[in-house]
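Open your viewer and get ready to pick out one piece at a time. Each stop on this tour tells you what to select and what you will find there.

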Amino acid sequence: MVKKGEWVRIHSIVLKAEERTAKLPEDTQKCPLEMWTKGFLQADAEIGDEVTIMTAANRIEKGTLLEVNPYWKHSYGKFIPELVQIDKQLREIMYGGDK
Amino acid sequence: MALAKDYDSVMGRSNDIMKEALGLDYEEFESGSIAFDYEALMKSTEYTLDEINRIQSRTGVGNTPLLELRNLTELARKYAKPGYGARIFAKDEAANASGSFKDRRAACAVAHAKKLGYKGVIAATSGNYGAAVASQAAMQGLECVICQECFDSHGVGQPEIIEKARKCEALGAEVVQLTVGPELFYEFLSILEDKGYFNASLYSPFGIAGIETLGYEIAVQCREKLGKDPAMVVCTNAGGGMVTGTARGLIKAGAKDTKIVAASIDLTGLHMASDKQFNMKSCTTGHTGFGVPYATDPDHSDVPRSAARPLRYMDRYVTVSQGEVMYMTEAIANLEGIERGPAGNTSLAAAFSLAQELPEDEIIVVSETEYTGAGKHVQPQLSFARDNGIEVLFGNPKDEKPGVNVILPKDPSFFKCVDADINHFRASLIKKACKVHNVTNPTQADLEFLAAETKTNVDFVKDVIKSL
């Protein structure tokens, strides 16, 4: 059970695939236009329910309840060995060894 | 009675929604043909350069440092013929309140919204502009919604765009995230209509007037520090605002001999509205996927007439590869001791190559840097590329195939920006303008307008039209 007033993330379909405008590449044409927003849940609900939220800009938005207390998962990525090779190369060119 | 909110109904009300949301009637600038009064549109902001400077200074925007990149200059000289290799400078726009030059645009637009009594602002952007609008809205006490094209149909987002969403939220904005496709504009209009907000468009005259201070500052700082104007200013080009505003500012400062070079990452072959290809690009801005269509058809934006019209101002349009920009992002951190995001490094990669064409006593200025952080940094960008099956390797960047590989220069001698055929873009703009306005017999005013639009002359325009 997710309580009224919790900060949540919801998902909705803005346009079904068949409702999309014609000037799209074929692959995009086959997909619906989907939307994600966040806000305060307006009534107790379960994950997967159709719910109403109040967003940070005080908008009412409806959609399927996805997550409670959503957080960002992006990062600095995995190690890229080429980057230390660039560092080494630049230091050699600038400060030592042959050009 | 509640208004119908289906796609056709909302799009059908687009003109009325826009008029309400901009506090500006674009009709008064129209001639009824191809030509419109661009300078009158720019004057409609009624802000002088001094006033804009005051607005920006109040909110931690503008008067950013002009940094000399001494080590990168020295490196470039190793590959130039004797006596060549201009001094490279960068305008450190990362020092603005939200970390990019976009604060200049947002400061002006949001201050205007506040003055006109709007309760909130909205912008459609996946880039730094969202953070800039959110930051300014926070300072002015306005509500803020940012609409982002963010995910593919599997819900996977570009790390660079996700980071910008995080930053917008951190600054108090609501972020609406959508999958790939131009119908984002429908959702944008629908929210705009419901909330009665100001459309803080990237392409409004307020936004572009805000960038003029950047060009002006570059001229003044070069004169104070170095006693002369720069030979070249290199601007990363996407929607065209940076080129337009910076060039207008330089002109206002009287720097008439400074050449304006636009630089974009070459993403030829990737379709911008393709769900599959969305995450095959390893950069999200400053690329030809935006740069070319906006330059050749500037009014294809979220306002009736765009104030960003880059072909009016650019002297050259060059491209660089993703690999060159990634290498340069690592180089500026290692050799200059400043970690900066990718946007400005597109023009820096071009400037590194262009500096070698100019004598040592000339000045070349890169018009911006931007903040960096998780997601928008060379490491997550390359890591994301590898996760999406893109090969990352050392070699000749000329062999790079967007969507297939990212080729890091084997060594700095492999940095070579490529001149795009600017006359081809100019002709393309003229053709599109004739087509959009359904004009076969342009008036004298149209011909002069198109000559100004393309920085050419009436004969050039006539030749293009004759070939139609």
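This is a predicted model: local features need pLDDT of at least 70, side-chain atom pairs count only at pLDDT 80 or more; totals for chains, interfaces and linings use all residues.

Residues are numbered from 1 along each chain as its sequence is written, and chains are lettered from A and ligands numbered from 1 in the order in which they are written.

**Stop 1: chain A**

Select chain A and color it by secondary structure. You will find two helices and four strands (DSSP runs, H or I of at least four residues for helices and E of at least two for strands, numbered from the N terminus). Along the sequence they come in the order β-α-β-β-β-α.

How many of the 99 residues, in percent, count as buried? The share is 32%, where buried takes 20 or more other C-beta atoms within 10 Å of the residue's own, with C-beta atoms placed from the backbone.

**Stop 2: where chain A meets chain B**

Show both chains. Here 36 residues of chain A are in contact with 49 residues of chain B; contact asks for C-beta atoms, placed from the backbone, within 7 Å. On the chain A side, β1 (7-15), α1 (26-29), β2 (33-41) and α2 (81-95) each supply at least two residues. Highlight α2(A), as this helix gives the largest share, eight residues.

Next, select β2(A) together with β5 of chain B (residues 174-179): two bridges join these strands, which run antiparallel. That makes a pair, since pairing takes at least two DSSP bridges. Which residue is the bridge partner of M35(A) in β5(B)? Look for L178(B).

**Stop 3: the domains of chain B**

Color residues 60-97 and 206-419 of chain B as domain 1, then 422-466 as domain 2. Their centres, taken over C-alpha atoms, are 28 Å apart. Ten residues from domain 1 and ten residues from domain 2 make the contact. On the domain 1 side, α12 (288-296) and β9 (316-320) of chain B give two or more residues each, and α12(B) has the largest share, three residues.

Technical notes. A residue is buried if 20 or more other C-beta atoms lie within 10 Å of its own, exposed if 12 or fewer, and partly exposed in between; C-beta atoms are placed from the backbone. Two residues are in contact if their C-beta atoms, placed from the backbone, lie within 7 Å. Domain bounds come from an automatic or database domain assignment.
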